[in-house]
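Here are a few exercises to work through with the model open beside you. Try each task on your own before reading the solution.

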Amino acid sequence: MIVLVGFMGSGKTTVGRALAHHLQLPFTDLDDRIEAAEGRPISDIFAQDGEPAFRDIEHRALGLALSGDGVLALGGGAYVQPRNRDLLRGRATVIWLDVPLEDALRRVAPAGHRPLAKDPVRFAELYHSRRAAYAQADHAIPITSDDPSLAVNAILKVL
């Protein structure tokens, strides 16, 4: 299993789909899987049940997703959780898509479902607070372009 981690706007889903297509493997977006299983958007889970409840759901969904093979994209906060890093250790190759802060903000600002992007100060604080966790991935891929094929080629070189 290849697992892509990184901050929102790093391209986990876009690069993940392209990588899976190239490798002829199934692609899964963990957030999409959670929303389908719960029957509601993640923002509703956060609002109605709180972040701890969401993180429990996310952890269970991650364990189930690891039972197969393919490319898996995690939500931006999933890899920050130590128990998720522990679950992945030895069961997957974890790739950090390391996007510059300015590019992440530019990419997510137009998305209405990302309220954090409307507050650049909080966005930057969260970005910087997560970097140490992301750095524990098996490989870091600098994201230097909006062209996902460049990231795919860089990932293929480290696999």
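**Exercise 1. Judge the overall form of the chain.**

Task: Compare the radius of gyration of the protein chain with that of a compact globule of 159 residues.

Solution. Keep in mind throughout that this is a predicted model.
- Step 1: a compact globule with 159 residues would have a radius of gyration near 15 Å, and the protein chain has 15 Å, so the two agree.
- Step 2: turn to burial and surface. Of the 159 residues, 44% are buried. The chain exposes about 8000 Å², with 53% of that supplied by carbon and sulfur atoms.
- Step 3: check the contacts. Among those with a separation of 6 or more, 71% join residues 24 or more positions apart.

**Exercise 2. List the secondary structure.**

Task: How many helices and strands does the protein chain have, and in what order do the elements run?

Solution. 
- Step 1: count the elements, which gives eight helices and five strands.
- Step 2: read from the N terminus, where the order is β-α-β-α-α-α-β-α-β-α-α-β-α.

**Exercise 3. Trace the strand pairing.**

Task: Start at strand 1 and find which strands pair with it, then go on from strand 4 to its pairing with strand 5.

Solution. 
- Step 1: strand 1 runs parallel to strand 3 (residues 71-73), and three bridges join them. Here Val 3 has Leu 72 as its bridge partner in strand 3.
- Step 2: strand 1 also pairs with strand 4 (residues 93-98), again in the parallel sense, over four bridges. In strand 4, Val 94 is the bridge partner of Val 3, and Trp 96 is that of Val 5.
- Step 3: strand 4 pairs with strand 5 (residues 139-142) in the parallel sense over four bridges. Trp 96 has Ala 140 as its bridge partner in strand 5.
- Step 4: now consider cover. Strand 1 (residues 2-5) is covered on both faces, with Ile 2 and Leu 4 buried on one side and Val 3 and Val 5 buried on the other. Five of the six residues of strand 4 are buried, so this strand is largely enclosed by the rest of the structure.

**Exercise 4. Examine a charged residue.**

Task: Find what surrounds Arg 130 and which side chain of opposite charge is nearest.

Solution. 
- Step 1: Arg 130 belongs to helix 7 (residues 120-134).
- Step 2: Arg 130 is buried and has no salt bridge. The nearest side chain of opposite charge is Glu 51, 5.7 Å away, whereas a salt bridge needs a distance within 4 Å.
- Step 3: leaving aside neighbours within four places in sequence, Arg 130 contacts Phe 7, Arg 55, Gly 76, Gly 77 and Val 80.

Definitions and conventions. Residues are numbered from 1 along each chain as its sequence is written. This is a predicted model: local features need pLDDT of at least 70, side-chain atom pairs count only at pLDDT 80 or more; totals for chains, interfaces and linings use all residues. Side-chain values use heavy atoms; hydrogens and water are left out. Buried means under 20% relative accessible area, exposed over 50%, partly exposed in between (1.4 Å probe, protein chains only). Helices (H or I, at least four residues) and strands (E, at least two) are DSSP runs, numbered from the N terminus. Two strands pair if DSSP finds at least two bridges between them. Lys and Arg count as positive and Asp and Glu as negative; His and the chain ends are not counted. Contact means heavy atoms within 4.5 Å. The radius of gyration is taken over C-alpha atoms; the globule rule is 2.2 Å times the number of residues to the power 0.38. Accessible areas come from the Shrake-Rupley method with a 1.4 Å probe; for residues, only the protein chains shown count as cover.
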